[in-house]
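Keep the sequence at hand.

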Amino acid sequence: MSDPTARDEAIDRFAAINSTYYRRAFRRIGERRGYVPSLNIAAAVLGPVWLAGRRLWSAFWPFLIADLLAVVLIAFALGGGASAGQSARADRLEALAATRLLEAKTANDRDAGTPIAKSLTRSAAALEQAAKDARQAVEDARTGAWLVALLGTGMLAASRLVAGGLANHIAERRFRAWRLEGDAGKAGFSRLHAAGAAALLAIFVPIVFLHFNDRTLFDAFPSDPAWNSGAAAWLDRFIAAISSAVSPAAGTLTKAINGMLGVMEGILTQTPWPVVMAIILAIAWQLAGFRVFLLTFVAISYLAILGYWEKSMQTVALLGTAALISIAIGIPLGVLCGYNRRVAAIVRPLLDFMQTMPAFVYLIPVIALFGIGKPSGIIATIIFGIPPVVRLTALGIASVPASVREAAVAFGASRTFILFKVDLPTAAPSIMAGVSQTILMCLSMVVIAALIGAKGLGEDVLHALQYAAQGQGLLAGLAILLCAIVLDRVVQGRRVQ
């Protein structure tokens, strides 16, 4: 057991202010398990200011956000709540109704019973009713504003009570960590940090109240539209210059992709369908077993009976071309990243960019460089499909136990032998998972690629979206889903059984 005197002296150094109170509070907390009821008045009154002064940052930010949310609710209610915008609408409707009523009265006095007079009368009555409804909505919103104010006040009070109730426990936990650090950590009450937290509140709270008092004050960020147009114009010139510079290489790449795609489409669409079906079913049975064979048979039957056979083969050709290129680039790059941390550190941000950037955004430069058509769709699909296989290949290579490599080196294995006979077989499950993910990611781009001229099942989904043909869209979407399931099960092989 620790010396009580030494502990009390440590609490004095840690607390610096009101150390007698913290001695008693920490002693009660240490004597019992679980939550010990207590209320730190300073923490309850000052809230985030006290937490910042005690450098309890893990609790400071949640309580600061809770206080600001409560202030937002109170300011919103005091500023009229939702009635602020509705009141202006009600005023406009009342003014318009009064004008229309005057027009209707004039028309009836001049020539009662005419179609124009009747139309103006009906319009005036409708506007008057709309104005009454809008005014009632304003009154309802004002009533709701008081409820919001009560909610905000309750939230602020609850936040401060919780802060006061938890403060001693949080401080005691911090005290124990401080002692384990050998008294090396910062202790005491930092007036500088407390002043900083108070300054944040002193800045944010008035801004919130000013905003809801005059909602045009901070309605929009003070940006200059000329900056946007200037940056867009510069990017237009930049993309045009790149397009002009790489047009010969882009043309060569487009021809190569078209040739590869043409071969795959020719094999899948020109070969008699019984032959293609038999080969697909045989591959499914051989690689994945009888259950996947049955699943493949059901999927193929669905595609054939509903007339999606040719388009599904076009989709598989697009997918196959994109997936093969993605895998051919991704596996060697993943192996390099698995061996070399510097390369991995450079490649990782690029993969994050490729995977998180919305596909519609990077379609723009792809179209600028390669035009509209199937090659552009395949290139966009490759960009989206490479990251999974690179990441999982690098993970598999990096996860190979060092002892396995050392044993191979001890027996005189070369680097090539270690790569092909040790590392790749050991990392094969991770690599195959990356291949499967890449195939599915490529298939998910089918609909988006259809926007820039790629054919296949995505074209049917796109037409269904354009013409609100729900049934057709669901049927085509189910066809894409079946293709995805079959491809995933076949690629994963018997491991899923």
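This is a predicted model: local features need pLDDT of at least 70, side-chain atom pairs count only at pLDDT 80 or more; totals for chains, interfaces and linings use all residues.

Start with the largest pocket. It holds about 800 Å³ of space. A total of 31 residues line this pocket, and the closest to its centre are Leu268, Ile280, Ile283, Val316 and Leu487. Several helices give two or more residues to the lining: H9 (225–270), H10 (273–288), H11 (290–305), H12 (309–339), H17 (415–444) and H20 (470–492). H12 supplies the largest share, nine residues.

Now turn to the largest nonpolar core. It has 57 residues. Tyr308, Ile378 and Leu443 touch the most other members. Look at Tyr308 in particular. Leave aside its neighbours within four places in sequence. Tyr308 is then in contact with Tyr302, Leu303, Leu457, Asp460, Gln472, Leu475, Ala476 and Ala479. Another core lies apart from the largest one. This other core has 28 residues, among them Ala15, Ala59, Leu64 and Leu68.

End with Ala158. This residue is found in helix H7, which spans residues 115–180. Is Ala158 buried, exposed or partly exposed? Its relative accessibility is 37%, so Ala158 counts as partly exposed. The cut-offs are under 20% for buried and over 50% for exposed. Ala158 also pairs up in space with a residue from elsewhere in the sequence: Asp67 is 91 residues away along the sequence, yet the two are 9.7 Å apart, C-alpha to C-alpha.

Technical notes. Residues are numbered from 1 along each chain as its sequence is written. Side-chain values use heavy atoms; hydrogens and water are left out. On a 1 Å grid over the protein atoms alone, a cavity is a set of points where a 1.4 Å probe fits but cannot get out, and a pocket is an open set with protein on both sides within 12 Å along at least five of seven lines; lining residues have an atom within 4 Å of a point. Grid points are joined across faces, edges and corners, and a volume is the space filled by probe spheres set on the points. Helices (H or I, at least four residues) and strands (E, at least two) are DSSP runs, numbered from the N terminus. Buried means under 20% relative accessible area, exposed over 50%, partly exposed in between (1.4 Å probe, protein chains only). A nonpolar core is a set of buried Ala, Val, Leu, Ile, Met, Phe, Trp, Tyr and Cys residues joined through side-chain atoms within 4.5 Å. Contact means heavy atoms within 4.5 Å.
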